[in-house]
Amino acid sequence: EKRDQFRKELDSLKYFNAYITVNNYDWYMDELFQKALKNKQNINMDALKQIYIQIILESVEYYDEMANKVLGRSPKHILLLHENDLAAMYVSDLVSSLKERGWRVISPQEAYADPISEYQYPQPLKYNPGRVGELAKASGWPQNKLWHEACDEAYLDELFVKNGVFEKSPNRKKSKKISRTENWTPRRPQSIQDISQTRKQTALHNCTFGLADLHDAALHAAR
């Protein structure tokens, strides 16, 4: 009841949910980077850049493929990017890589004009995977397929080690593996800093990529 009242009030004020369609753990990659800096570890910046861009590109393709299977088309995408050092360093390279793969930058206004903006999942989802994930869940997709595999701290820990991003720390604790069961859900940022960083996002649409107000950027696929 409270949820419905809140939604009704927002509608009366002409507000709508600024959803995302492409989820990722860029915040955790930056957390690993910040820890390495604090511990004065040597950092392979080339490897770090490559993994950062690779993971986000894979996330874009994952959710676009999901959308095509669920909707039968590629919608205008909203890519979530947190305001952090990795985004500041690599966003230009990320945009170039997206354009090389047939994406173009669009404005959030254009992205939110997509018909999926009218959809509203009946119940709020814990660890919400984004609008495409909501649509997939409503169509019967299994819970553990609503997130790209890199939305997993243990996965990213191992990937960074495998690619030699940081020198090994003698006190580094081994990551606890997460079992991908039907009920698996990713951990969200817990600290005040993490939560405040999530306020600023970037949006994309499958062949269009654009920057605008509210720190959002949107992409549309022109392939």
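Is the crossing of helix 3 and helix 7 left-handed or right-handed? The crossing of these helices is right-handed, a crossing being right-handed if the near helix is turned clockwise from the far one by less than a right angle, and left-handed if anticlockwise. The model is predicted, with local features needing pLDDT of at least 70, side-chain atom pairs counting only at pLDDT 80 or more, and totals for chains, interfaces and linings using all residues. Residues are numbered from 1 along each chain, and side-chain values use heavy atoms, without hydrogens and water.

Leu48, Ile51 and Ile55 of helix 3 meet Tyr155, Leu156, Leu159 and Phe160 of helix 7 in contact (heavy atoms within 4.5 Å).

The largest nonpolar core comprises 39 residues, and Met29, Tyr52, Leu94 and Phe160 have the most contacts inside it. Such a core is a set of buried Ala, Val, Leu, Ile, Met, Phe, Trp, Tyr and Cys residues joined through side-chain atoms within 4.5 Å; buried means under 20% relative accessible area, exposed over 50%, and partly exposed in between (1.4 Å probe, protein chains only). Helix 3 gives the most to this core, with 12 residues.

Valine 70 is also found in helix 3. Valine 70 counts as partly exposed because its relative accessibility is 24%. Leaving out residues up to four places away in sequence, valine 70 touches Leu135, Ala136, Ser139 and Trp141.

Definitions and conventions. Helix = DSSP H or I, 4+ residues; strand = E, 2+ residues; numbered from the N terminus.
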